[in-house]
Amino acid sequence: MPGLFLTEQGTPFDNTVDISGVYNVTEGSTVKYGISPANTSPGTYTFGQSGRKMYLTFEDIEGIAPDQTMSIIAATPDANCYLVQAGSTVRIPLRKLFWIWEKELKEELDPANMAILNPSPEIIWQTTNGLIQNATLNRNNSTDYRDCTLDVTTSGATPEGNAVVAILSNDGKIRWSFHIWVTDYNPDNGGPVFPMSPKHLFMDRNLGSNGNHTTLTPEGVGMYYQWGRKEPFPGPSVFDGEWEFDLTIDNNQRRVVNASNQQVLTKFENVNTLQNLGNSIHNPTVFYKADEWEVSVMQDWYTNSDSEMKYQNNYLWNDKKNRKAPYDPCPEGWRVPESSNVMLLNDLLRSGTVTPSSDGNVKWSYTHQQGQVWDIPFHGYIEDGLLRFATYFGDLWGRNVDKSIALEASFTPESPEVYQNANFRKIGSPVRCIKDTHIW
């Protein structure tokens, strides 16, 4: 039977089993693949035809007959961020998004059959005019929109930058958006990474970082994220050392433009509904705020409830099985870490495995005895339209929560040690991705 086959770490398995067949499975349901050769221990395998990694536990295939017809949705969530080199094209599959639209988020994204709403792409913003050369919806010779890909081509004239490209329905609403990180950095192919432990491998820079990622500059710091959202925000135009920097003033925002070279501004708006997830997807340039400064108020972009945690969603960056969730902002194979993963740095400091060095109120640098370097600029955080405490704090989001608030790993100029900080989910902080080693 022609099709995909399993290999073990790039080497064909002794008893190669073809599981390509055609199967009839309800769209969006969980599909288990399994084989039962002599070796029955769990392992990581690669689909030879597509090159996409799947994590399999060997077991008999149950309830699936090879004479049925099938449409597979990948077990792992599709990424919301794509690392793309200048002058190249990335093809982003949309099939799983249709399932999210029609099944999971039908109420939040308005009851609609996306398959008949004639989706189309649009460049929402880009850090340099012409960074995204083209964004097209590729039907791939299919009459079903679920088989479409969003094909994004970057300019060869601009070596790096960031952009957000969206899929719109013909009613003009944004149904999903993707972060395009144009960079030569490739942590999966020789790009520098930092080992907190043999099992905890981090990118050496923030998500969306360009230019000199070791410095406190808008380009080097990268993107800011509200906890649980996939949408990146460009941050300030400059770091001036003030406790507060007003981002509601147009010139104080890092300049980004649309396809017509018109400036696109981040808007700061109050949450006005108990369930704001759909609004956040429709509006990737809106940073949601809550103006009341009371500890008793939850201050979550997801809901305007001030005390009932039942309206919050703790499973936006990880699911109930602690797997990467559909709103995680990291590229494929990477995910938002737990804050405790970052705090492993303290163990390396105490053991002398890493050597810290300070650049005043700009950053900490950590040099591993193996030679890797990890720089943490003091980039502050965004709250209610203000950049706060730049040059005083460098917080990195974790994916975990504590009751109504979320947890961060926090750095200050006073000490090289990292401590755990609890913050409101409406806060915007950078993300430093960790290698995803979860067995699905």
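# Close-up views of a predicted model

**View 1. Strand E16 (residues 267-270) and strand E17 (286-289) run parallel, paired over 4 bridges.** Two strands count as paired if DSSP finds at least two bridges between them. Look for glutamate 269, whose bridge partner in E17 is tyrosine 288.

A word on the model before moving on. This is a predicted model, with residues numbered from 1 along each chain as its sequence is written. Local features need pLDDT of at least 70 and side-chain atom pairs count only at pLDDT 80 or more, while totals for chains, interfaces and linings use all residues; side-chain values use heavy atoms, with hydrogens and water left out.

**View 2. The protein chain has 5 helices and 28 strands.** Of its 440 residues, 54% are buried; that means under 20% relative accessible area, with exposed being over 50% and partly exposed in between (1.4 Å probe, protein chains only). Contact means heavy atoms within 4.5 Å. Among contacts with a separation of 6 or more, 60% are between residues 24 or more positions apart.

**View 3. Three strands line up as an open antiparallel sheet, in the order E19-E20-E21.** Strand E19 (354-358) and strand E21 (373-377) stand at the edges with a single partner strand each, so one side of each has no neighbour in the sheet. From one strand to the next, the twist averages 20 degrees. Strands of a sheet pair through backbone hydrogen bonds, either parallel or antiparallel. Strand E20 (residues 363-368) pairs with E21 in the antiparallel sense over 5 bridges, and serine 365 stands opposite aspartate 375 in E21. Helix H5 (residues 344-351) packs on this sheet and touches E19, E20 and E21. The direction of H5 makes about 100 degrees with that of E19; axes are lines fitted to C-alpha atoms, for helices over the stretch in contact, and angles run from 0 to 180 degrees between N-to-C directions.

**View 4. Cysteine 330 and cysteine 433 form a disulfide.** A disulfide is a pair of cysteine sulfur atoms within 2.5 Å, and this pair sits 2.2 Å apart. A search of the whole structure turns up 1 disulfide. The torsion about the S-S bond is about -95 degrees, so the disulfide is left-handed. It links distant parts of the chain, 103 residues apart: cysteine 330 is in the loop between E17 and strand E18 (334-335), and cysteine 433 is in the loop between strand E27 (428-429) and strand E28 (434-435). Both cysteine 330 and cysteine 433 are buried. What about cysteine 81 and its closest cysteine sulfur? That sulfur belongs to cysteine 433 and is 7.0 Å away, too far for a bond. Cysteine 81 is buried, at 1% relative accessible area.

**View 5. Asparagine 206 lies in the loop between strand E13 (200-203) and helix H2 (218-221).** With 2% relative accessibility, asparagine 206 counts as buried. Its side chain reaches the backbone oxygen of valine 221 at 3.0 Å. Leaving out residues up to four places away in sequence, asparagine 206 touches several residues, including Trp181, His379, Leu396 and Arg432.

**View 6. Threonine 127 is found in the loop between strand E7 (120-126) and strand E8 (132-138).** Buried or exposed? Threonine 127 counts as buried, at 16% relative accessibility. Setting aside neighbours within four places in sequence, threonine 127 is in contact with Gly161, Asn162, Arg254, Arg255 and Val256.

**View 7. Asparagine 322 has a positive phi of about 65 degrees, although it is not a glycine.** Asparagine 322 lies in the loop between E17 and E18. With a relative accessible area of 26%, asparagine 322 is partly exposed.

**View 8. Phenylalanine 389 has a positive phi of about 60 degrees, although it is not a glycine.** You'll find phenylalanine 389 in the loop between strand E23 (386-388) and strand E24 (394-402). Phenylalanine 389 is partly exposed, with a relative accessible area of 21%.

Key:
Helices (H or I, at least four residues) and strands (E, at least two) are DSSP runs, numbered from the N terminus. A polar contact is a pair of N or O atoms within 3.5 Å; within protein, one must be able to donate a hydrogen and the other to accept it, and residues adjacent in sequence count only if both atoms are side-chain atoms.
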